[in-house]
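Please read it with the sequence and the coordinates open.

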Amino acid sequence: MMERKPSRTDAFGALDPTKMVTYHSGREEYHVDGVLVTDFTECDKKLKELEAQWEAEQYQRDRLQEYPSIQECVHAILDDDLEALQAKRSAVKAKYPKPK
């Protein structure tokens, strides 16, 4: 799961992870293995796929923000309070349901 919205750099990497991708922000240029990219057709197609996946996983990122912390989980285990812990987790899952 990606923490941030995917970029063209991510798309180039997904197309071929063995290639070195460089982005020059001042010139708005991408280089793959040192070669200037002029055709972004395949890259942009892959980027749309990655963005769709990222959007579909939004519920996971939302849940992570509200799930009990590791420390809270450990305390619940040690204090024999697993029912309360599971209730918190269930409430978060209900608030951010998994898309169908």
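Is Glu29 buried, partly exposed or exposed? Glu29 is partly exposed, because its relative accessible area is 23%, where buried means under 20% relative accessible area, exposed means over 50%, and partly exposed lies in between, with a 1.4 Å probe and protein chains only.

1. Basis of the note. This is a predicted model, in which local features need pLDDT of at least 70 and side-chain atom pairs count only at pLDDT 80 or more, whereas totals for chains, interfaces and linings use all residues. Residues are numbered from 1 along each chain as its sequence is written, and side-chain values use heavy atoms, with hydrogens and water left out.

2. Overall fold. The protein chain holds five helices and three strands, and along the sequence these elements follow the pattern α-β-β-β-α-α-α-α; helices (H or I, at least four residues) and strands (E, at least two) are DSSP runs, numbered from the N terminus. The radius of gyration of the protein chain is 20 Å, well over the 13 Å that the globule rule gives for 100 residues, so the chain is more spread out than a compact globule. That radius is taken over C-alpha atoms, and the globule rule is 2.2 Å times the number of residues to the power 0.38. Along the principal axes, the C-alpha atoms fill a box of roughly 60 × 30 × 25 Å, and 23% of the 100 residues count as buried.

3. Arg27 counts as exposed, with 52% relative accessibility. Glu28 is placed in the loop between β1 (21-24) and β2, and its phi is near 55 degrees, a positive value in a residue other than glycine. Most residues other than glycine have a negative phi. Glu28 also counts as exposed, at 57% relative accessibility. In the loop between β2 (29-32) and β3 (35-36) lies Asp33, which is partly exposed with a relative accessible area of 44%. The C-alpha atoms of Asp33 and Ala56 are separated by 31 Å, with the two residues 23 apart along the chain.

4. Salt bridges in the helices. By the rule given above, the count comes to seven salt bridges. One of them joins Glu49 to Lys46, whose closest N and O atoms are 3.1 Å apart; both residues lie in helix α2 (residues 41-56), three residues apart, which is about one turn of the helix. Glu49 counts as partly exposed at 43% relative accessibility, and Lys46 counts as partly exposed at 22%. Another salt bridge is made by the side chains of Glu66 and Lys95, at 3.1 Å from N to O. Glu66 lies in helix α3 (residues 58-66) and Lys95 in helix α5, so this pair ties together parts that are 29 residues apart in sequence. Glu66 is partly exposed, with a relative accessible area of 35%.

5. The nonpolar patch. Ile70, Val74, Ile77, Leu78 and Leu82 make a nonpolar surface patch of about 540 Å². Patches are made of residues with over 30% relative accessible area and no salt bridge, like charges being joined within 9 Å and nonpolar side chains (Val, Leu, Ile, Met, Phe, Trp, Tyr) within 5 Å, and accessible areas come from the Shrake-Rupley method with a 1.4 Å probe, only the protein chains shown counting as cover for residues. Helix α4 gives the most to this patch, with four residues. Val74 is found in α4 and is partly exposed, with a relative accessible area of 40%.

6. The negative patch. Asp79, Asp80, Asp81 and Glu83 form a negative surface patch, where Asp and Glu count as negative and Lys and Arg as positive, His and the chain ends not being counted, and where a charge is placed at NZ of Lys, CZ of Arg, CG of Asp or CD of Glu. Asp81 lies in the loop between α4 (70-78) and α5 (82-95) and is partly exposed, with a relative accessible area of 39%. Asp80 lies in the loop between α4 and α5 and counts as exposed at 67% relative accessibility. Asp80 has a positive phi of about 55 degrees although it is not a glycine.

Note on methods:
A salt bridge is a side-chain nitrogen of Lys or Arg within 4 Å of a carboxyl oxygen of Asp or Glu.
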